[in-house]
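Reader: I would like to work through this structure feature by feature. Please give the general idea each time, then the case at hand.

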Amino acid sequence: MTRLPMFSLLSIALAAQPALADDSSITIGFAIAKSGWMQPYDYASRTAEMAIEDLNNKGGLLGKQLRIVSSDTKTDPAEGVRAATDVIDQGADLVVVSCDYDQGAPAALAAVSAGKLAFSLCAGDPKMGIEGVGRQAFTTSHAAQTQGAVMADWGFAKKGFRNAYVLLDDSIEFTTSACQGFEYRWGQLEATSIVGRDSFKNSDASISSQITRLKSLNPAPDAIMLCTYPPGGASAVRQLRAAGIETPVLMTMGMDGSYWLPAVPNLSNAFLPAIGLASGPDPDKKINDLIERYKKAYGEPPATAFVFYGYALVELWARAVERAQTTETEAVFAELEKMRDEDTAIGPMSFSDQLHIQNKGRYLIIGIEKGKSEPLGYWNSPEIPKDVIFKQ
Amino acid sequence: MRKIDFISSSTPLFLVMVLFILAIASWLFAGTALNRAMIELLVRVVLVVSIYIFVGNSGIVSFGHVGFMAIGAYAMAWQTMLPLLKKNAMPGLPEFLLTGNLPFPIALLFSAMLAGLVGLLLGTVILRLPSIAASICTFAFLMIVHSVYSNWGSVTGGTSSIVGIPTKVNLWVAFSGAAICVIMAGLYQLTRYGLALKCTREEEIAARAAGIDIFRQRLIAFVLSATLMGFGGALYAAFLGAIYIDAFYLSQTTMLLAMLVVGGMSSLTGAVGGVVVISLLTYVLRGLERGVQLGPQTIALPSGTQEVVLGVVMIVALVSSRSGIFGTRELGEIANRFRARGAIWARFQPSND
């Protein structure tokens with residue numbers, strides 16, 4: 001029975017790991033999912049790495065080279081805390097966390113309580129900020145409401161829609177917020193009305209009763225705002241078209257990516273906002289270059305436009321560090337909160353002492369015509385007030 | 001007789017000493033990461049020992065104890081989070097919880113009591129059943145807790161993470177928790193209730209013939225074990241600072257039971273030893289996954305190796321000694337063997353083989 005003393009020796013031996021922090025470099029820690037279902041969403045870290053590479057090629061930040069350390073959260077919020085502690089131990093000055101509030105918040109909280117800055121790749125929930133995690137937490141993403149609002153704006157101006165029907169998949173917070181943003185903006189526009197509202201769940205096999213109610217509407221809507229995501233979203237679009245409803249469908253970035261299009265053969269008259277056209281070619285040269293680079297490095301185009309957020313994250317943070325002339329948390333987050341319409345690879349971005357998420361943004365409107373995605377030009381979403389974002 | 005008394009009562013003290021040595025070693029030499037791993041280990045000791053109090057002594061495998069852990073953890077969140085955060089995440093809480101804020105030790109106590117109360121209600125209903133049926137019922141209980149907590153959004157935040165629980169659990173809080181739990185489990189085993197329950201584990205009919213009220217004995221252990229499990233859940237919540245309901249489901253149950261089984265289901269030493277062995281192994285494997293610097297090269301195992309190796313180790317451990325690493329042996333006996341070296345060792349050893 002010499003086992004137990006051996007384990008205590010082992011733990012002492014393990015404790016003797018060297019601390020890796022040194023002053024000649026700045027460290028960015030990624031506490032993100034490298035396994036589990038969250039992994040493909042966290043591919044935004046790939047463009048973040050590209051941005052870090054670019055900075056290093058230009059001579060680094062504050063004259064120091066940037067170093068990347070990372071730890072796998074295994075798509076488990078509890079492991080996220082460990083992953084964050086892990087990268088902080090390895091000297092991280094900034095902790096980049098997963099692309100989702102539920103997955104990323106525990107890691108962000110661990111980073112914040114260790115006095116570091118936490119930056120989510122693309123969590124679309126405003127709680128990833130002052131209210132949910134703390135003042136030192138930021139997310140690069142746009143609030144989900146801006147997506148509904150930009151579709152309202154664009155549909156009104158470009159397509160002349162006036163009577164909208166709102167079909168909400170209320171199974172997650174993101175879609176609920178997107179439709180809320182749509183209704184908020186739609187109500188501000190002149191001579192518009194919402195002729196009907198309905199809801200379903202992503203896992204519903206059929207939305208036939210919703211379709212029946214939609215068909216009996218008078219006046220018939222000239223646009224359907226559909227807030228959902230695949231796979232239920234693809235099934236909903238297919239059922240709408242199969243029922244002979246050819247009304248234009250407005251969607252959210254949740255439906256971005258071309259992988260679900262074969263499920264609805266020859267889909268036309270559908271529109272959605274995205275940060276860029278992931279499958280390329282994007283009308284914006286900066287984004288297009290990013291796509292080409294991504295293809296070269298990983299042998300495939302980005303699956304969704306969410307990956308572009310990573311690049312902007314590093315751009316914003318690096319600029320704040322440059323202005324603060326230090327990586328000290330307090331100074332950097334003060335600089336971040338001062339940012340107004342800061343130019344990034346994915347359009348202007350802002351933070352304030354009220355909001356650590358984007359409440360307006362530039363979107364590429366993507367039109368789906370005969371089963372093919374095509375860019376229809378950039379459109380700016382209107383600014384969404386804080387109380388709408390927090391549903392107060 | 002005196003010898004046996006020494007053996008039984010010294011076991012929890014020896015175990016606490018082992019944990020103390022680990023804690024001191026980590027406090028003196030370890031960096032934050034290993035320190036966190038050590039705190040987690042100690043919290044797991046609380047959890048596994050709580051499960052052991054019922055499962056080890058009664059022989060009924062409970063799949064539902066993680067449900068009590070969830071109850072304790074959420075109770076901790078309800079009591080200690082900042083009112084501002086509570087209003088955002090869980091607006092449906094009753095007024096006194098929504099506006100009030102309890103100090104950590106009292107919150108711990110209440111969390112444990114809530115879990116104990118639920119344990120009392122559940123135990124009264126299911127412990128009259130034959131052991132296998134009771135086992136399945138505990139599983140059903142876990143499912144009920146999971147689905148209530150994941151759907152009662154206004155009170156539990158639904159399936160979202162609850163973030164912002166004040167993190168009050170440091171190494172010494174966790175050590176004290178583990179020590180309290182180990183000592184309580186050790187004391188309970190010594191009482192007539194503990195002994196009676198062990199009798200029912202070995203031979204139900206004989207126990208009944210000896211006048212033991214099986215239901216009553218099981219209920220006592222179940223409530224004690226649920227209470228400590230709630231205590232462990234509350235510690236877990238106050239350690240991580242963030243909880244979400246899926247953390248209290250099958251994978252957690254499997255992990256905790258595996259620790260108990262690998263260590264040895266029928267001894268307190270087994271419960272604590274299982275946690276120590278598996279936690280340290282996990283820590284080492286995770287380190288290897290991250291990569292080890294060998295000269296100019298970093299050698300890393302592929303992600304996911306940890307789970308695979310852990311599974312293999314468990315199989316090997318159980319194949320080589322069927323009732324776990326420690327079987328039914330207790331640390332007190334082992335220490336005693338060193339004391340009485342040369343003496344003939346002959347004592348009846350009940351086992352679950």
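Author: One caution before the features: this is a predicted model.

Reader: Let us start with sheets. How do strands pair in general, and what is the strand order in the open sheet of 5 strands of chain A?

Author: Strands of a sheet pair through backbone hydrogen bonds, in either the parallel or the antiparallel sense. In chain A, the order of this sheet is β2-β1-β3-β4-β5, with parallel pairing. Its edge strands are β2 (65-72) and β5 (137-139) of chain A, each of which pairs on one side only. Direction ignored, neighbouring strands of the sheet are turned by 25 degrees against each other on average.

Reader: How many bridges are there between β4 and β5 of chain A?

Author: Strand β4 (residues 117-120) of chain A pairs with β5(A) over 3 bridges, in the parallel sense. One residue pair to look up is Ala118(A) and its bridge partner in β5(A), Ala137(A).

Reader: What is the pairing in the open sheet of 7 strands of chain A?

Author: The pairing there is mixed, and the order is β7-β6-β8-β9-β10-β11-β12 (chain A). The edges are β7 (193-200) and β12 (372-380) of chain A. For a parallel pair, take β6 (residues 163-169) and β8 (residues 223-227) of chain A, joined by 5 bridges. Here Ala164(A) stands opposite Ala223(A) of β8(A). For an antiparallel pair, take β11 (residues 362-369) of chain A and β12(A), joined by 7 bridges. Tyr363(A) stands opposite Trp379(A) in β12(A). The hairpin of β11(A) and β12(A) has 2 residues between the strands, and Lys370(A) takes a positive phi near 50 degrees in this hairpin.

Reader: Which domains does the assignment give for chain A?

Author: The assignment gives domain 1 as 23-143 + 300-337 and domain 2 as 144-280 + 361-389. The C-alpha centres of domain 1 and domain 2 of chain A lie 31 Å apart. Between them, 11 residues of domain 1 of chain A are in contact with 19 residues of domain 2 of chain A. The domain 1 side of chain A has 7 nonpolar, 3 polar and 1 charged residues where it touches domain 2 of chain A.

Reader: Is Pro302(A) buried or exposed, and why?

Author: Pro302(A) counts as buried because it has 24 C-beta neighbours inside 10 Å, and the cut-off for a buried residue is 20 or more. Pro302(A) sits in the loop between α9 (285-298) and α10 (309-324) of chain A. Leaving out residues up to four places away in sequence, Pro302(A) touches Tyr43(A), Ala278(A), Ile291(A), Tyr294(A) and Val307(A). Of these contacts, Ile291(A) is 11 residues from Pro302(A) in sequence and 7.0 Å away in space, C-alpha to C-alpha.

Reader: Finally, what covers the buried residues of α6(B)?

Author: The cover includes α3 (65-80), α7 (131-151) and α12 (214-240) of chain B. Among the buried residues of α6(B) are Ala107(B), Leu114(B), Gly119(B) and Ile126(B). Helix α6 (residues 104-126) of chain B has 23 residues and reaches 33 Å from its first C-alpha to its last, close to the 33 Å expected at 1.5 Å a residue.

Conventions
Residues numbered from 1 in each chain as written. Chains lettered and ligands numbered in written order. Predicted model: local features only at pLDDT ≥ 70, side-chain atom pairs only at ≥ 80, totals over all residues. Helix = DSSP H or I, 4+ residues; strand = E, 2+ residues; numbered from the N terminus. Expected span 1.5 Å × (residues − 1). Buried ≥ 20, exposed ≤ 12 C-beta atoms within 10 Å, placed from the backbone. Contact = placed C-beta atoms within 7 Å. Pairing = 2+ DSSP bridges. Axes fitted to C-alpha atoms, helices over the stretch in contact; angles between N-to-C directions. Domains from an automatic or database assignment. Nonpolar A, V, L, I, M, F, W, Y, C, P; charged D, E, K, R; others polar.
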